[in-house]
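Have the model open and follow along.

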2 protein chains.
Amino acid sequence: MTTPNPTRDGLWLDDLVEGATFTTGTHELTAEEIVAFARDFDPQPFHTDADAAAGTFFDGLVASGWHTAAVTMRLVVTSGPPIATGIVGGGADVAWPSAARAGDVLRVEIVLREIRRSRSRPDQAWVVVEQRTLNQHDAVRQTTTARLLAWQRPRHD
Amino acid sequence: MTTPNPTRDGLWLDDLVEGATFTTGTHELTAEEIVAFARDFDPQPFHTDADAAAGTFFDGLVASGWHTAAVTMRLVVTSGPPIATGIVGGGADVAWPSAARAGDVLRVEIVLREIRRSRSRPDQAWVVVEQRTLNQHDAVRQTTTARLLAWQRPRHD
């Protein structure tokens with residue numbers, strides 16, 4: 001395909017360097033947000049009701065892992081690597097070593113691990129990013145390895 | 001740990017069989033839902049504004065992959081395998097072969113691929129599930145391989 005329109009002033013493939021690191025801003029997770037997300041997408045007692053959560057696996061209210069993933073995405077989109085054509089992911093491997101809880105102030109640390117140029121389309125690459133979503137005490141709430149698409153800066157001949 | 005309290009009447013590890021399949025109910029994705037999710041979690045023009053989405057990578061409004069993941073979770077929690085202690089995931093490998101769009105009627109097909117008993121805690125296992133999130137035309141919007149925790153039915157001696 002031709003180079004897609006940029007969604008913002010930002011980085012093109014030419015600007016990305018393996019090993020570069022980024023740290024996002026922060027987002028404080030509230031009990032209200034945890035419950036609201038879970039009612040829509042993960043209605044289980046340990047995500048929707050602090051009282052009913054007692055004695056369940058998490059023994060208290062925790063965020064859905066998919067909520068942690070969604071907050072992680074928001075942080076990456078708004079204050080991670082500003083890729084000009086946007087954060088376009090083909091897939092991701094996520095793990096939740098511990099569950100996020102109300103009061104967590106989350107941030108994401110990002111490393112551009114590898115840039116895999118397409119052989120058939122050399123203006124295009126998969127960028128493999130490794131991310132850790134941490135709270136204010138550096139507890140790891142999510143690890144993510146994601147594949148993002150990036151393009152070379154278009155030339156205007 | 002001891003067996004957590006069940007969150008519903010449902011299946012225990014003893015009841016799960018490798019190769020068992022489940023198909024969830026359906027959820028129709030609307031443009032309003034796509035935009036609302038994206039404003040909260042993935043604010044990029046191809047997810048928030050059909051006009052601004054023209055010419056970008058997706059060339060039109062599409063759901064955030066994390067929205068597809070969240071809808072997938074809702075379908076699995078509400079009409080997938082009714083594991084007694086809930087759907088507790090340690091992590092997942094997700095891919096989006098194509099992006100979900102407004103009007104997609106999504107369902108999830110699930111296979112219990114493998115049951116890995118814990119050596120140190122034989123009453124407990126990781127259940128590896130493979131999922132495909134499909135629309136009404138069988139376009140694959142997400143594939144997921146997830147690890148879920150399950151416990152043996154508690155014995156009341």
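Glu114(B) has a relative accessible area of 31%, so Glu114(B) counts as partly exposed (buried is under 20%, exposed over 50%, partly exposed in between; 1.4 Å probe, protein chains only). This is a predicted model, where local features need pLDDT of at least 70, side-chain atom pairs count only at pLDDT 80 or more, and totals for chains, interfaces and linings use all residues. Side-chain values use heavy atoms, without hydrogens and water, while residues are numbered from 1 along each chain and chains are lettered from A in the order written.

**Exercise 1.** Find the salt-bridge partner of Glu114(B).

*Solution.* Start with the rule: a side-chain nitrogen of Lys or Arg lies within 4 Å of a carboxyl oxygen of Asp or Glu.

**Exercise 2.** Work out which parts of chain A the salt bridge between Asp104(A) and Arg141(A) ties together.

*Solution.* First, the closest N and O atoms are 2.7 Å apart. Asp104(A) sits in the loop between β3 (89–95) and β4 (105–117), and Arg141(A) in strand β6 (residues 140–151), so the pair joins parts 37 residues apart in sequence (strands are DSSP runs of E, at least two residues, and helices of H or I, at least four, numbered from the N terminus). Finally, Asp104(A) is buried at 5%, and Arg141(A) is buried at 11%.

**Exercise 3.** Identify the residues in the salt-bridge network of chain A.

*Solution.* Arg107(A), Glu109(A), Arg132(A) and Asp138(A) are linked in this network.
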